[in-house]
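Visitor: I have a chain open on the screen and would like to walk through part of it. Can we take it piece by piece?

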Amino acid sequence: DDERAEVGAGGRVAHVDVVLQQRIDARHLVKIAARDAGKRALQPVELVEGELTEYLQQQREAFDVIVSADTLVYFGDLQDFAVAAAGALRPGGRVIFTLEESKDDDGDDFTLRPHGRYNHRRTYVERVMAGAGLRAAIGSAELRMEAGAPVDGLVVHATKPGGDDHA
């Protein structure tokens, strides 16, 4: 069986194994989401409340797959996350996550927006994933509708070399 980590803030993922608690005090929401995720789980899960990157740094080659939907939009610099995820993956493992895409001409790698989430440049994400030793394939997606307009995003699928490499 594959070992996986599904990481998120609140109920954005079906089974919350690791919950994000960074920059905002969401302890109450996190506890509710973790409790509800445990009730919905089809298999036993370990629910961990803590900071995402720190948790991954403690998990050496523990996971085959790490999935994070609509969580890393609350991170500006992704370098620490990428390195931690690479270390937590087994050879041939994958990390899959979404980001809001920056299309501004300001040249910044990532930008904090008024809504409290970061937008990231595709070239920056490619560079960070490569720097962590991960091979990334990045696609475009409409993540959701917000205020009647689509939110342009990136879906990142990065693989750690080694293993079977069935990326």
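Visitor: What covers the buried residues of helix 4?
Guide: This is a predicted model, to begin with. The cover includes helix 3 (79-88), along with strand 5 (89-101), strand 6 (110-112), strand 7 (118-120), strand 8 (135-146) and strand 9 (149-159).

Visitor: And which residues of helix 4 are buried?
Guide: In helix 4, which spans residues 122-131, the buried ones are Tyr124, Val125, Val128 and Met129. Viewed down the helix axis they fall within an arc of 130°, so they line one face of helix 4.

Visitor: Why would residues three or four places apart point the same way?
Guide: An α-helix has 3.6 residues a turn, so residues at that spacing point the same way.

Visitor: What is on the face turned away from the buried side of helix 4?
Guide: That face carries Ala130 and Gly131, which are exposed. Just after helix 4 comes Gly133, with a positive phi of about 85°.

Visitor: Switching to His120. Where is it, and is it buried or exposed?
Guide: His120 lies in strand 7. It is buried, because its relative accessible area is 0%, and the cut-off for buried is under 20%.

Visitor: What does the side chain of His120 reach?
Guide: It reaches the backbone oxygen of Gly76, at 2.8 Å. Beyond its neighbours within four places in sequence, His120 is in contact with a list of residues that includes Phe75, Gly76, Leu99, Glu100, Val125 and Leu154. Val125 from that list is also one of the buried residues of helix 4.

Visitor: How is strand 5 paired with strand 9?
Guide: Strand 5 and strand 9 run antiparallel and are joined by seven bridges. Within that pairing, Leu99 has Leu154 of strand 9 as its bridge partner.

Visitor: And which way do strand 5 and strand 7 run?
Guide: Those two run parallel, joined by two bridges. Glu100 stands opposite Asn119 of strand 7.

Visitor: What about strand 4 and strand 5?
Guide: They pair in the parallel sense over five bridges. Ser68 has Phe97 in strand 5 as its bridge partner. Together with helix 3, strand 4 and strand 5 make a right-handed β-α-β unit.

Visitor: How many residues of strand 5 are buried?
Guide: Ten of its 13 residues are, so to speak, under cover: strand 5 is mostly covered.

Visitor: Last one, Val73. Where is it found, and what does it touch?
Guide: Val73 sits in the loop between strand 4 (63-68) and helix 3, and counts as buried at 0% relative accessibility. Leaving out residues up to four places away in sequence, Val73 touches Thr98, Leu99, Glu100, Arg117 and Tyr118. Val73 and Asn119 are 46 residues apart in sequence, with 6.8 Å between their C-alpha atoms.

Notes: Residues are numbered from 1 along each chain as its sequence is written. This is a predicted model: local features need pLDDT of at least 70, side-chain atom pairs count only at pLDDT 80 or more; totals for chains, interfaces and linings use all residues. Side-chain values use heavy atoms; hydrogens and water are left out. Buried means under 20% relative accessible area, exposed over 50%, partly exposed in between (1.4 Å probe, protein chains only). Helices (H or I, at least four residues) and strands (E, at least two) are DSSP runs, numbered from the N terminus. The arc is that of the directions from the helix axis to the C-beta atoms. Contact means heavy atoms within 4.5 Å. A polar contact is a pair of N or O atoms within 3.5 Å; within protein, one must be able to donate a hydrogen and the other to accept it, and residues adjacent in sequence count only if both atoms are side-chain atoms. Two strands pair if DSSP finds at least two bridges between them. A crossover is right-handed if, with the strands pointing away from the viewer, the path from the first strand over the helix to the second runs clockwise.
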